[in-house]
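Please keep the sequence and the model in view while reading.

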Amino acid sequence: MSTFMAKQQRDGTVVGPKGAMPPRWFVIDGTDKVVGRLAVQIANVLRGKHRPEYTPHIDTGEFVIVVNAGKVRLTGKKRDTKTYSHYTRYPGGLKTVTARDVLEGKFPERVLLEAVKRMVPRNRLGRQQMTKLKLYSGSTHPHQAQMPVELKLDL
């Protein structure tokens, strides 16, 4: 008995042991969920590690929609001590902002985005998998046509 490896065709479709594997859509409510624990679950679904056909070098993951991503919870003192930094490429251009400022700012879903981004591979495959993540700070999303299924998380 040999180990099965999924194959990706030229048109981008992934072929499993029983034919084509169309990606499914899942929706998650992020209200009062701890950021790190939620990010692990999302990263595993984006990478496809929840499926038996998981293949490390092929994108076997599914789409994830997170509503209320701005209402996630940080434990301990992370709301005030955790910082996000970026460099503007100008001399002295290191910009730092706390998690509280991000969550109370214009795009509060960026806290969850950064957590998930750091859990996927840092290469072409990881960037491709991150395009399947859709974050919304409100309770609505424009993906009803894809008929997303609510994902039960074991948190």
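## Model

The model is predicted. Residue numbers start from 1 along the chain.

## Nonpolar cores

The largest nonpolar core has 27 residues. Ile-42, Val-64, Val-66, Leu-112, Val-116 and Leu-133 touch the most other members. Six elements each supply at least two residues: strand 4 (25-29), helix 1 (35-47), strand 5 (63-67), helix 3 (99-103), helix 4 (110-117) and strand 8 (133-135). Helix 1 gives the most, with 7 residues.

Val-64 shows how these parts meet. Leaving out residues up to four places away in sequence, Val-64 touches Phe-26, Ile-28, Ile-42, Val-45, Leu-46, Lys-132, Leu-133 and Lys-134. There is also a second, separate core, made of 5 residues. Trp-25, Val-27, Phe-63 and Val-67 are among them.

## Strands

Strand 4 is mostly covered, with 4 of its 5 residues buried. Strand 4 pairs with strand 5 in the parallel sense, over 5 bridges. Within this pairing, Trp-25 has Phe-63 of strand 5 as its bridge partner.

Elsewhere, 3 strands form an open sheet in the order 1-2-3, with antiparallel pairing. Strand 1 (7-8) and strand 3 (19-20) are at the edges, each with a single partner strand, so one side of each has no neighbour in the sheet. Strand 1 pairs with strand 2 (residues 14-16) over 2 bridges, in the antiparallel sense. Lys-7 stands opposite Val-15 of strand 2.

## Aromatic pair

A pair of aromatic rings is described by the distance of the centres and the angle of the planes. The structure holds 1 aromatic pair. Its rings belong to Trp-25 and Phe-63; their centres are 4.2 Å apart and their planes are at 5°, so the pair counts as stacked. The cut-off for stacking is under 30 degrees.

Trp-25 lies in strand 4 and Phe-63 in strand 5, so the pair ties together parts 38 residues apart in sequence. Trp-25 and Phe-63 are both buried.

## Salt bridges

The structure holds 7 salt bridges. One joins Glu-62 and Arg-51, with the closest N and O atoms 2.7 Å apart. Both residues lie in the loop between helix 1 and strand 5, and they are 11 residues apart. Glu-62 is buried, with a relative accessible area of 0%. Arg-51 is also buried, at 14%. Both values fall under the 20% cut-off, so both residues are classed as buried. Arg-51 and Glu-62 also belong to a network of salt bridges that includes Arg-24 and Glu-53.

Lys-132 is in the loop between helix 5 (124-130) and strand 8, while Asp-59 is in the loop between helix 1 and strand 5, so the pair ties together parts 73 residues apart in sequence. Lys-132 and Asp-59 are both buried.

Arg-100 and Asp-80 form another salt bridge, at 2.6 Å from N to O. Arg-100 lies in helix 3 and Asp-80 in helix 2 (residues 78-81), so this pair ties together parts 20 residues apart in sequence. Arg-100 is partly exposed, with a relative accessible area of 30%. Asp-80 is partly exposed too, at 46%.

## A buried loop residue

Where does Ala-69 lie? Its place is in the loop between strand 5 and helix 2. Is Ala-69 buried or exposed? Ala-69 counts as buried, because its relative accessibility is 0%.

Which residues are in contact with Ala-69, leaving aside its neighbours within four places in sequence? They are Pro-108, Glu-109, Leu-112, Leu-135, Tyr-136 and Ser-137. Of these, Leu-112 is one of the residues that touch the most other members of the largest core. Gly-16 is 53 residues from Ala-69 in sequence, and their C-alpha atoms are 32 Å apart in space.

Notes
This is a predicted model: local features need pLDDT of at least 70, side-chain atom pairs count only at pLDDT 80 or more; totals for chains, interfaces and linings use all residues. Side-chain values use heavy atoms; hydrogens and water are left out. A nonpolar core is a set of buried Ala, Val, Leu, Ile, Met, Phe, Trp, Tyr and Cys residues joined through side-chain atoms within 4.5 Å. Buried means under 20% relative accessible area, exposed over 50%, partly exposed in between (1.4 Å probe, protein chains only). Contact means heavy atoms within 4.5 Å. Rings of Phe, Tyr and Trp (its six-membered ring) pair if their centres lie within 6.5 Å; planes under 30 degrees apart count as stacked, over 60 as edge-to-face and the rest as tilted. A salt bridge is a side-chain nitrogen of Lys or Arg within 4 Å of a carboxyl oxygen of Asp or Glu. Two strands pair if DSSP finds at least two bridges between them.
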